[in-house]
Amino acid sequence: MSLLPDIVDSGALGWTLVISTRSNGTGEAKITWDGQGQLNPDFYAARTTPAAALESVLMRVERNGGVSPLDVPVLVGVLVGHFQARTR
């Protein structure tokens, strides 16, 4: 079964999120970042204070009616921080 990318976000400022699926319904997510991505203030803040970051995303979603491109670095940062904490 081949793994086909569904969502590829170039992420600007050095980070990337790729979500892929297989024909059997399984899939995977891959997050990468470089030194420049580490310095993105939204990405960094979401890794260090995920609760506050998610609160700000929720407020924007309620105001705008959907997730905006501004929310993606925050959400990626929350995921990175969460999985890094689990591996420690």
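Mentor: Helices (H or I, at least four residues) and strands (E, at least two) are DSSP runs, numbered from the N terminus. This is a predicted model, in which local features need pLDDT of at least 70, side-chain atom pairs count only at pLDDT 80 or more, and totals for chains, interfaces and linings use all residues. Residues are numbered from 1 along each chain as its sequence is written, and side-chain values use heavy atoms, with hydrogens and water left out.

Trainee: In which helix is the place of Gln-38?

Mentor: The helix in question covers residues 35-38. Gln-38 therefore belongs to helix 1.

Trainee: Is Gln-38 buried, exposed or partly exposed?

Mentor: Buried means under 20% relative accessible area, exposed over 50%, and partly exposed in between (1.4 Å probe, protein chains only). The relative accessible area of Gln-38 is 27%. Gln-38 is therefore partly exposed.

Trainee: Which residue is joined to Gln-38 by a polar contact between side chains?

Mentor: Contact means heavy atoms within 4.5 Å; leaving aside neighbours within four places in sequence, Gln-38 is in contact with Trp-33, Phe-43, Tyr-44 and Arg-47. A polar contact is a pair of N or O atoms within 3.5 Å; within protein, one must be able to donate a hydrogen and the other to accept it, and residues adjacent in sequence count only if both atoms are side-chain atoms. At 3.0 Å, the side chain joined to that of Gln-38 is that of Trp-33.

Trainee: Which parts does the pair of Trp-33 and Phe-43 tie together?

Mentor: Phe-43 is buried at 0% relative accessibility, whereas Trp-33 is partly exposed at 33%. The parts tied together are ten residues apart in sequence, because the pair joins strand 3 (residues 27-33) and helix 2.

Trainee: Why do the buried residues of helix 3 line one face?

Mentor: In helix 3, the buried residues are Ala-53, Val-57 and Arg-60. Seen down the helix axis, they fall within an arc (taken from the directions from the axis to the C-beta atoms) of 60 degrees.

Trainee: Which residues are exposed on the other side of helix 3?

Mentor: The buried residues of helix 3 are covered by parts including helix 2 (41-48) and helix 4 (71-87). On the other side, the exposed residues are Ala-51, Glu-62 and Arg-63.
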